[in-house]
Amino acid sequence: MPYKRIISLVPSLTELLIDLGLSNQIVGRTRFCIHPSNKISTIPNIGGTKNPNIEKIRDLEPDLVITNKEENRKEDVDTIIEFCEVIVTEINTIDDALFWISKLGLTLGKTEESNTLIDQIREHIPIESNLNHIPTAYFIWKDPWMSVGHDTYIHDVMHRFGFRNVFSNQTRYPSITIDELVILNPKLILLSSEPFPFKEKHIQELMNELPESNIQLVDGEWFSWYGSRMLPSFKRIKSWRDNLSV
């Protein structure tokens with residue numbers, strides 16, 4: 001094993017490392033690393049993804065820290081790289097996510113396990129030609145209302161599972177007005193459980209403006225967590241999508 005002391009600052013990838021059989025090598029994780037719940041509590045918490053405790057990371061003497069371009073701040077990565085090897089992942093599509101499962105598996109001596117996981121995930125990605133894409137708005141935040149643009153992982157998951165992102169002409173996480181949403185009049189509006197915890201009351205708020213739209217609360221992990229969580233997430237999205245009435 002080339003790395004004995006690994007810290008992950010990426011919740012999705014912390015879960016991936018554990019599922020690949022690397023629990024004993026992980027010496028640090030963020031407070032947002034919550035899966036798998038039966039194993040994560042024994043791993044030291046080094047703070048948040050955006051505000052990790054750098055001194056605590058240093059004291060844990062890692063030989064590898066795994067980060068992500070979107071999840072973690074460049075200034076933190078630049079500081080950590082002064083005393084430890086750092087991998088910076090960039091994941092904006094399903095294919096990116098599968099690449100990094102393979103790359104981390106190869107780097108960490110878990111090639112067979114990672115390849116098996118990739119094969120299992122691919123089995124649950126629909127054939128695009130079979131899909132009727134539903135015009136959909138996906139919201140991650142309120143006050144301001146924020147959606148997702150075409151260069152995000154969430155957008156790619158939407159596209160691959162038959163949801164046409166009505167904000168695909170935007171980039172990253174645009175702020176949206178209700179007036180803009182009314183003009184686009186999507187058939188489906190998805191309110192994610194994270195990072196903003198949308199509730200039933202927000203459905204009613206939007207229904208007052210868009211009475212013809214189907215407005216649903218969805219588990220944000222289905223659309224935004226990559227790594228090994230892609231497998232259960234894709235199974236659930238596909239089943240949910242197949243039973244959706246719009």
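1. Let's start with R160, which is buried at a relative accessible area of 18% (buried means under 20% relative accessible area, exposed over 50%, partly exposed in between, with a 1.4 Å probe and protein chains only). Please keep in mind that this is a predicted model, where local features need pLDDT of at least 70, side-chain atom pairs count only at pLDDT 80 or more, and totals for chains, interfaces and linings use all residues. Residues are numbered from 1 along each chain as its sequence is written, and side-chain values use heavy atoms, with hydrogens and water left out.

2. The partner of R160 is D95: their side chains form a salt bridge at 4.0 Å, N to O (a side-chain nitrogen of Lys or Arg within 4 Å of a carboxyl oxygen of Asp or Glu). This pair links distant parts of the chain, with D95 in helix α5 (residues 94-107) and R160 in helix α7 (residues 153-160), 65 residues apart. Helices here are DSSP runs of H or I with at least four residues, numbered from the N terminus. D95 has 44% relative accessibility and therefore counts as partly exposed.

3. Salt bridges that share partners also join E15, E221 and R229 into one network. Across the whole structure, the search finds 15 salt bridges.

4. R73 is worth a look too. Its side chain meets that of D76 in a salt bridge at 2.9 Å, N to O, and that of E75 in a salt bridge at 3.5 Å, N to O. R73 itself is partly exposed, at 35% relative accessibility. E75 is also partly exposed, at 45%, whereas D76 counts as buried, at 7%.

5. On to the largest pocket, whose volume is about 820 Å³. A pocket is, on a 1 Å grid over the protein atoms alone, an open set of points where a 1.4 Å probe fits, with protein on both sides within 12 Å along at least five of seven lines; lining residues have an atom within 4 Å of a point. The volume is the space filled by probe spheres set on the points, which are joined across faces, edges and corners.

6. What lines the largest pocket? The lining has 26 residues, and E70, E71, E194, P195 and S224 lie nearest the centre. The elements giving two or more residues to this lining are α1 (11-19) and α7.
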